[in-house]
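Take a look, then read on.

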Amino acid sequence: MAILALCFFFFCLLNAFSCAIAANDCDACLHQSNATYFRSASPISSGACGYGYLAKSLYEGYTAAGIPTLFKDGVGCGTCFHVRCKDKELCRRRGTKVVLTDKHGSDFGTDLVLSDRAFISMAYKDKARDILDRRNIDIEYKRIPCEYTNQNLSIRIEASSKKPDSLAVAFLYQGGKTEIGAVSVFDQFGRSRTMVRIYGPVWDMSPVPEGPLSFRLLVPLGFDGSMVNSKKDLPADWKVGEIYDLGVQMNGITDYRDGCGTC
């Protein structure tokens with residue numbers, strides 16, 4: 001009975017994803033806007049996505065804060081973008097790639113606030129000081145697949161976790177161009193429990209089943225959804241603050257039905 005209930009739950013979510021993909025066609029668009037940069041490292045490590053100190057190492061420090069339509073109430077955490085400066089005298093055409101780790105208020109048409117490292121990388125080598133002095137530049141940007149070639153999807157055990165009352169995990173190194181829509185946890189006997197998104201990449205469940213745990217994620221892929229199953233279990237002796245490799249990479253790309261749509 002529990003298995004049937006879980007299947008029904010995921011079936012409903014698949015239908016919801018079908019609508020969400022159609023409503024989210026702006027992810028396929030090339031956007032015109034402005035960008036600025038963080039003048040210190042502290043906002044990066046205290047970003048709204050809750051990555052903490054890990055934010056500085058994600059994508060080798062090429063990070064960004066996005067406006068609410070990119071942040072998506074935290075669902076957009078960990079998504080990647082290609083950003084290109086439009087000043088031909090100041091910047092190289094190749095642009096830069098960033099991962100979203102924070103939320104930014106929509107001020108003066110500035111959609112993205114980049115780390116200084118990402119901001120400088122758009123300029124010619126001898127123009128680094130010039131682009132920093134400019135502070136705000138015209139850009140175009142588009143969502144792209146995230147690439148973590150040498151890292152599998154992983155989870156970090158959050159500080160609020162406490163056996164056997166609660167388990168909170170942050171998903172890290174989520175590749176591809178998709179989002180996590182639902183998470184189920186299976187115990188050693190195959191019994192399942194669903195997790196709830198707390199914020200950004202952090203999901204929680206209570207109480208916590210005993211023994212090793214495996215994860216099943218629902219992600220939009222193609223026109224509907226797809227399941228991603230962990231290949232490595234979370235060990236029974238998990239510890240707060242530790243990062244655990246789930247043994248699988250997420251490389252899926254959402255297929256938008258209507259192309260760019262109206263953004």
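Let's start with tyrosine 199, which sits in strand 11 (residues 196–199); strands here are DSSP runs of E, at least two residues long, numbered from the N terminus. This is a predicted model, where local features need pLDDT of at least 70, side-chain atom pairs count only at pLDDT 80 or more, and totals for chains, interfaces and linings use all residues. Residues are numbered from 1 along each chain as its sequence is written, and side-chain values use heavy atoms, with hydrogens and water left out.

Is tyrosine 199 buried or exposed, or partly exposed? It's partly exposed, because its relative accessibility is 37%. Proline 201, in the loop between strand 11 and strand 12 (202–205), is buried. Buried means under 20% relative accessible area, exposed over 50%, and partly exposed in between (1.4 Å probe, protein chains only).

| Residue | Relative accessible area | Class |
|---|---|---|
| Tyrosine 199 | 37% | partly exposed |
| Proline 201 | 8% | buried |

What does proline 201 touch, leaving aside neighbours within four places in sequence? It's in contact (heavy atoms within 4.5 Å) with Cys49, Tyr51, Gly74, Cys77, Val169, Ala170 and Phe171. Its C-alpha atom is 9.8 Å from that of glutamate 179, 22 residues away along the chain.

Now for the barrel: six strands close into one in the order 1-5-2-4-3-6, with mixed pairing. Strands pair if DSSP finds at least two bridges between them. Strand 2 (residues 63–66) and strand 5 (residues 110–114) run antiparallel, joined over three bridges, and alanine 65 stands opposite valine 113 in strand 5.

Definitions and conventions. Helix = DSSP H or I, 4+ residues; strand = E, 2+ residues; numbered from the N terminus.
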